[in-house]
Amino acid sequence: MQKRQEVIDYCLRYKNVYEDYPFSDPNWTCMRHLENKKVFAWIYERQGHIWVNVKGSRGWLDFFREKYDSVVPGYHLSKEHWNSMILDGTIALEDIYAMIQESYDLTLPKKYRQ
């Protein structure tokens with residue numbers, strides 16, 4: 001997964017989400033929960049690659065930062081709670097899916113969290 005539309009299409013598979021462009025800069029796309037409007041993925045191009053910011057729990061944030069050079073502390077977000085995935089072809093697809101899934105789960109409306 002290396003293209004913006006691939007990430008958007010994957011995120012739209014989740015229940016009750018939508019694509020949003022909150023800034024005047026069309027480079028920034030975000031994927032939100034319909035009910036609480038919380039963002040679970042920020043998608044943008046930077047330095048010639050698509051980047052995706054995802055929320056994560058502490059242990060997993062550090063795990064993926066150590067596993068991949070292309071997973072770094074969140075660009076323009078809290079480095080304590082977000083990672084940026086640089087989609088340069090080096091992150092295993094299942095790990096991209098896992099990071100998006102965790103971000104989706106962490107930002108769900110409270111009544112749906114387990």
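In what order do the six strands of the open sheet stand? They follow 1-2-3-4-6-5, with antiparallel pairing. This is a predicted model, in which local features need pLDDT of at least 70 and side-chain atom pairs count only at pLDDT 80 or more, while totals for chains, interfaces and linings use all residues. Residues are numbered from 1 along each chain as its sequence is written, and side-chain values use heavy atoms, leaving out hydrogens and water.

**The sheet**
- Strand 1 (17–20) and strand 5 (71–73) are the edges: each has a single partner strand, so one side of each lacks a neighbour in the sheet.
- Neighbouring strands are turned by 25° against each other on average, direction ignored; axes are lines fitted to C-alpha atoms, for helices over the stretch in contact, and angles run from 0 to 180 degrees between N-to-C directions.
- Strands here are DSSP runs of E with at least two residues, helices are runs of H or I with at least four, both numbered from the N terminus, and two strands pair if DSSP finds at least two bridges between them.
- Strand 3 (residues 39–46) and strand 4 (residues 49–55) run antiparallel and are joined by five bridges.
- Tyr44 has Trp51 in strand 4 as its bridge partner.

**Helices on the sheet**
- Helix 1 (residues 4–11) packs on the sheet and touches strands including strand 2 (29–33) and strand 6 (82–87), contact being heavy atoms within 4.5 Å.
- The direction of helix 1 makes about 170° with that of strand 3.
- Helix 2 (residues 58–67) also packs on the sheet, touching strand 5 and strand 6, and its direction makes about 30° with that of strand 6.
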